[in-house]
Amino acid sequence: MDLVAPLAPAAVELVALTKRYAQGAPAVDNINLRIASGSYCCLLGPSGCGKSTTLRMIAGHETVTSGDILLENRNITTLPAAARGTAMMFQSFALFPHLSALDNVAFSLKMKGVDKPTRHKQAQDLLERVAMGHLAQRKPGELSGGQQQRVALARALITQPRVLLLDEPLSALDPFLRIQMRAELRRWQKELGLTFIHVTHSQEEAMALADTMVVMNQGLIEQVGSPHEVYNAPATEFIARFMGGHNVIATAAGKIAVRNDHMQIASAGDGGIGKPRSGAPGIPGTITDVEYQGTYVLLGLQAQDSAGAKGISVMLPEAAYTAQPFVLGESVHLSWTDRHAHALAA
Ligand code: ADP
Ligand code: MG
């Protein structure tokens with residue numbers, strides 16, 4: 001695709017990037033990636049897949065075993081962290097509890113020896129920018145979670161980074177706050193027009209935030225695409241399972257993924273509406289679980305595909321379920337249309 005589509009300017013480019021710690025398989029294994037300037041990019045994958053190592057190499061907090069890191073076409077692979085044009089925002093924001101919001105934001109300028117009036121002016125300006133100017137004298141403990149996040153953002157922005165790096169910034173927050181905070185991160189990223197690279201193990205978080213999702217597994221990139229592309233057409237069985245909401249079905253032609261809300265289900269004895277046309281792809285199953293979820297009803301099934309018995313899930317809109325309720329133990333026929341079946345790479 002890179003060869004035909006006009007390329008947006010890459011803010012960050014990783015070229016054959018590899019990290020090998022002393023022990024075991026490479027933590028990051030020869031990855032190539034272009035992250036478009038001004039985009040929100042999420043590195044997504046299970047614990048231990050190499051997300052933080054990748055981010056720390058971009059930040060300059062971890063050495064590179066081989067390969068290159070380019071920022072706006074500058075090779076930054078061996079530059080010290082402070083000279084790269086990147087800034088990092090950490091889990092739970094990691095603010096200094098004994099310093100005011102203003103002094104937290106001004107901290108890195110203080111370390112650089114910038115005089116007090118200058119650094120306080122810059123810090124105050126940034127706090128105004130994130131609508132926190134009036135709370136500049138408060139300490140972190142006197143601020144809400146959302147306000148703390150804005151202070152952490154201002155603190156990261158004071159070095160005038162081109163790229164903001166965020167390592168699981170929301171994962172220590174309670175679920176309600178996490179959803180609020182992610183909406184706010186997204187809003188600030190668009191407003192500032194900066195490139196954000198955000199590491200998360202939550203597919204829900206990545207889908208809510210990302211322009212581009214980069215799904216990693218065991219030190220490799222398995223798929224790069226918009227949330228829509230990745231969710232609708234997972235490239236591999238790993239991604240279909242990791243993203244959730246999909247059934248992986250073995251057919252004579254190989255494995256496919258079908259979204260559970262794209263599955264069609266008909267009572268096995270049903271001669272009327274809902275009965276799949278003959279010859280349509282399908283497998284037999286038995287209802288094992290019925291779970292009401294509000295808008296949807298989630299059916300659990302034991303089904304039989306060409307590889308054997310397996311669990312399958314089907315999401316039915318509430319109205320469809322109410323019109324034709326399925327009951328535990330009922331024999332059904334499961335089917336799907338070709339356009340909803342995505343071939344998975346072996
Ligand atoms: P993630 O952020 O996706 O959970 P990491 O990048 O932290 O994954 O880790 C990737 C792999 O590298 C894991 O197997 C982890 O144990 C290993 N690893 C991470 N940091 C170190 C380190 N400092 N020394 C040795 N191994 C490490
Ligand atoms: Mg990590």
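I note that the model is a predicted one.

**Entry: the whole chain**

I looked up the extent next. The C-alpha trace spans about 80 × 45 × 40 Å along its principal axes. The protein has 346 residues, and 47% of them are buried. I found nine helices and 18 strands. I then took the contacts between residues at least 6 apart in sequence: 63% of these join residues at least 24 apart. For charge, I found 30 positive and 30 negative side chains. The centres of the two sets lie 7 Å apart.

**Entry: a sheet**

I turned to an open sheet of three strands. Its order is β11-β12-β18, and the pairing is antiparallel. The edge strands are β11, residues 246-251, and β18, residues 342-343; each of them pairs on one side only. I looked at one pair in detail. β11 pairs with β12, residues 254-259, in the antiparallel sense, and six bridges join the two. Within this pair, I traced Val-248 to its bridge partner in β12, Ala-257. As background, I note that strands of a sheet pair through backbone hydrogen bonds.

**Entry: Ser-100**

Where is Ser-100 found? I placed Ser-100 in the loop between β6 (86-89) and α2 (101-111). Is Ser-100 buried or exposed? Ser-100 counts as buried because its relative accessibility is 8%, and the cut-off for buried is under 20%. The side chain of Ser-100 reaches the backbone nitrogen of Asp-103 at 3.0 Å. Leaving aside neighbours within four places in sequence, I found Ser-100 in contact with Ala-136, Gln-137, Arg-138 and Lys-139.

**Entry: Pro-140**

Pro-140 lies in the loop between α3 (116-129) and α4 (145-157). Pro-140 has 9% relative accessibility, so this residue also counts as buried. Which residues is Pro-140 in contact with, leaving aside its neighbours within four places in sequence? I listed Leu-95, Phe-96, Pro-97, Leu-99, Asn-104 and Gln-148. I also checked Pro-140 against Ala-101: the two are 39 residues apart along the chain, and their C-alpha atoms are separated by 6.6 Å.

How values were computed
Residues numbered from 1 in each chain as written. Chains lettered and ligands numbered in written order. Predicted model: local features only at pLDDT ≥ 70, side-chain atom pairs only at ≥ 80, totals over all residues. Heavy atoms only, no water. Pairing = 2+ DSSP bridges. Helix = DSSP H or I, 4+ residues; strand = E, 2+ residues; numbered from the N terminus. Buried < 20%, exposed > 50% of the residue type's maximum accessible area, 1.4 Å probe, protein only. Contact = heavy atoms within 4.5 Å. Lys, Arg positive; Asp, Glu negative; His and termini not counted. Charge placed at Lys NZ, Arg CZ, Asp CG, Glu CD. Polar contact = N/O pair within 3.5 Å; in protein donor to acceptor, adjacent residues only side chain to side chain.
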